[in-house]
Amino acid sequence: MSNQLPDWSNYRGVMVFVEQRESVAKPVSWQLLGAGKKLADKLEVPLMALVIGEHVENLADEAIGYGADQVYLCEGPELKDYRTRPYSRITLKLIENVKPEICLFGASATGRDLAGAIATHLPTGLTADTTELDVESHPSRLLLASRPAFSEKMMATILCKQYRPQMATARAGVFQALPRDASRTGKIIRIENPMKGEKIATQVMGFIEKQSGINLEEADIIVAGGRGLGGPEPFQMLQELADVLGGEVGASRACVDSGWIKHAHQVGQTGFTVRPKLYFAIGISGAVQHTVGMSNSDYIVAINKDPEAPIFQIAHYQIVGDLFQIVPALIDAFKQR
Ligand code: FAD
């Protein structure tokens, strides 16, 4: 294969798919606009957003507030809930007309389904579950989409040299949204609903909410426990600390695998990726499969009796000692505040 890159100069701009339900955007959409803005600025191109749904004009305005320069808006009753065929048809047509050089989607069930369907159809490459995004500017304009590989033992940077657009998905919590600026102005471009009046073979009958009642991905404070807890009972102590702080309880996989706590609490490669303001890692050693899911937290407080524990390498505050002494003392101290 020749090293000469094809001429893709008619593809310009970065596009982010805004995922919504009931006219409320998923936070990953705004986080991707934050990531997309950096790419668009570096390439000196507009940042575009695509909003599809019923009664979702509010999201077009929000997208502008979060950094989009142009928003493509497609509305209709047929588009209320995500379904592969109508959403992929709209997105494909838009990509064919607008020709963005980069398209970003959340690595949610919806984003994965939609991005996969589009990449197959075009055909182009799709890098799933990226944790870092950058671009080479002139002349290649290549998206550098990086993600952990080989059980997190290395980072792989994946390039899509031969096709456009370059596509990637990213999990919630990996990138940071820009602060919303309601005074920003941008262009909202309405696109025709191609599904108008059409019968769509699949129907959404309803949604069953998760039973766990916890939402790690959106928590500001997470109190996470590891194997150092020694069993399921000490999680009550962690829950008490989380309640005092208004946070949620997280866990390492070691605890989940031991049956001490449900998977809904697991942070890491095979659990949730989180980005809280404050993360307590209590009795957690800091294996890379755990830290990949929480290392972007604003502040990390690690409590471990082993001063050499790897978690201390990424912790902002390091408390060396027995968690069974430190956690009750923290609960008392926070209760008195
Ligand atoms: P350990 O590594 O056993 O660490 C326990 C820590 O507690 C030690 O550092 C010890 O010093 C400390 N300690 C013990 N007693 C006390 C005490 N009284 N006071 C204070 N400190 C104490 N792991 C995840 O967490 N999330 C994932 O999503 C995940 N996905 C994985 C995917 C794959 C493919 C693989 C291979 C592994 C995955 N793992 C995941 C597992 C990961 O490799 C580690 O085994 C796991 O994170 C270790 O959990 P831990 O830190 O709780 O336990």
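**View 1. Lys99 sits in the loop between α3 (84-98) and β6 (102-106).** Helices (H or I, at least four residues) and strands (E, at least two) are DSSP runs, numbered from the N terminus. This is a predicted model, where local features need pLDDT of at least 70, side-chain atom pairs count only at pLDDT 80 or more, and totals for chains, interfaces and linings use all residues. Residues are numbered from 1 along each chain as its sequence is written, and side-chain values use heavy atoms, with hydrogens and water left out. Lys99 isn't a glycine, yet its phi is positive, at about 55°. Most residues other than glycine have a negative phi, and most peptide bonds are trans. Lys99 is partly exposed, with a relative accessible area of 24% (buried means under 20%, exposed over 50%, partly exposed in between; 1.4 Å probe, protein chains only).

**View 2. Glu22 has a positive phi of about 55° too, and is no glycine.** Look for Glu22 in the loop between β2 (20-21) and β3 (24-25).

**View 3. Leu122 and Pro123 are joined by a cis peptide bond.** Omega here is about -15°, and Pro123 belongs to the loop between α4 (109-121) and β7 (126-130).

**View 4. Another cis peptide bond links Arg164 to Pro165.** Its omega is about -5°; Pro165 lies in the loop between β10 (154-158) and β11 (166-170).

View 5. A backbone N or O atom of Arg227 is 2.7 Å from a ligand oxygen.

Terms used
Polar contact = N/O pair within 3.5 Å; in protein donor to acceptor, adjacent residues only side chain to side chain.
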